[in-house]
Amino acid sequence: MTTHDVIILGCGPAGLQAAIHASRKKTRVIVLGRAQASSLYKAHIENYLCVPGVKTGEELLATGIEQARGFGAEMLSEDAVSTLALPDGTYQVTTEGAKTFTALALIFATGVTRKGLGLPGEKDLVGKGVSYCVDCDANFFRNAAVAVVGDGSAAAHGALTLTKTASEVTLLTKDLQVSPALRQELEASKVRIIAGTVVKELRGRERLEGIVIEGGREIPVDGLFIEKGAKGAMELAAFLGVQLDPEKFTYIVTDSGQATNVAGIYAAGDICGMPWQMAKAVGEGCVAGLAAGSYALKRLREKGQAQ
């Protein structure tokens, strides 16, 4: 068992920014998680302050990892599989490689797992025509033919947003469940709605070229947005008594300091809810890192162990 001051779960922008700021507090920090698992990894970013042009998520994360290491954070490319609150007020985390770590403070920055379609080739086409976030990627499909798949308000709003940039927008839905007002707005827009269907196949290898729906009908598209909401890996947090949103239990509730309802546990990034944007994740990661670092130092002083 290895002892640290702060454990950070998640190696995306929120987790890495938290690692930088917690490490600058002169605390012992370890980050658990894989950069490849971050939703940023296969994304392309053009709307982040002071980063001109289009940057790949992979290169941004690689830079962030080196920055975090430079400030003293330890990195381990393994996911956590269990958490435990110990009687002395510390937290224990065990990874998939059966490594066990304890810390005074814990930051959840694991992001959310986008709900996909589960189709062959879907993961290979992420960032090559397939996206799980209209707000993130709409600008990459200007004057393009795109489709949105989903049954709820996320899909409906996504389709309406895309009408501002794309040349053609098709909404594919099995059973559209939205308010009458939103349905009316959809029907009055230039969105083409194909109801009572599901996507059965994706066409294209190097890049998405089209989709096939029930009945074998093929629709040529440059982009497909899968807007089925998102599910978070909340079990680890819930096991510790961390409060989730009371309606759908899909994100962690925090205060303005990114603190949860459990002392010493913080959260940042997509796991705290929408919008799923790097700028939000980085900002929350900064706050969480500072808060967790300060909390750990306070606990060390109380124990007479502060450096």
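User: Is N143 buried or exposed?

Analyst: This is a predicted model, and its values are computed from it. A residue counts as exposed when its relative accessible area is over 50%. N143 has a relative accessible area of 67%, and therefore it is exposed. The residue belongs to the loop between α3 and β13.

User: Which value does phi take at Q258, and where does Q258 lie?

Analyst: Q258 is not a glycine, yet its phi is positive, at about 65°. It sits in the loop between α6 (235–239) and β21. Residues under 20% relative accessible area are termed buried. Q258 counts as buried because its relative accessibility is 7%.

User: Which strands pair with β8, and in what sense?

Analyst: Strand β7 (residues 80–85) runs antiparallel to β8 and is joined to it by five bridges. Strand β9 (residues 100–103) also pairs with β8 in the antiparallel sense, over four bridges. Q92 illustrates both pairings: L84 stands opposite Q92, and the bridge partner of Q92 in β9 is T102.

The turns may be read next. The hairpin of β7 and β8 has five residues between the strands, and G89 in the turn has a positive phi of about 85°. The hairpin of β8 and β9 has four residues between the strands, with A98 at a positive phi near 65°.

User: How do helices α4 and α5 cross, and which residues make the contact?

Analyst: An α-helix has 3.6 residues a turn, so residues three or four places apart point the same way. The axes of α4 (residues 153–162) and α5 (residues 180–188) come within 10 Å and cross at roughly 30°. The crossing is left-handed. S153, A156, H157, A159 and L160 of α4 meet L182, E185 and L186 of α5. These contact residues comprise five nonpolar, two polar and one charged.

In α4, the buried residues are A155, A156, G158, A159, L160 and L162. The elements covering them include α3 (134–137), β13 (145–149), β14 (168–173), α5 and β19 (223–226).

User: In what order do the strands of the open sheet stand, and which are its edges?

Analyst: The order is β16-β17-β18, with antiparallel pairing. The edge strands, β16 (199–203) and β18 (218–220), each pair on one side only. From one strand to the next, the twist averages 25°. Three bridges join β17 (residues 210–213) to β18, and I211 has I219 in β18 as its bridge partner.

User: Which residues does a cis peptide bond join?

Analyst: The cis bond joins M274 and P275, with omega about 5°. P275 is in the loop between β21 (265–267) and α7 (278–303).

Key: Residues numbered from 1 in each chain as written. Predicted model: local features only at pLDDT ≥ 70, side-chain atom pairs only at ≥ 80, totals over all residues. Heavy atoms only, no water. Pairing = 2+ DSSP bridges. Helix = DSSP H or I, 4+ residues; strand = E, 2+ residues; numbered from the N terminus. Axes fitted to C-alpha atoms, helices over the stretch in contact; angles between N-to-C directions. Left-handed = near helix turned anticlockwise from the far one by under 90°. Contact = heavy atoms within 4.5 Å. Nonpolar A, V, L, I, M, F, W, Y, C, P; charged D, E, K, R; others polar. Buried < 20%, exposed > 50% of the residue type's maximum accessible area, 1.4 Å probe, protein only.
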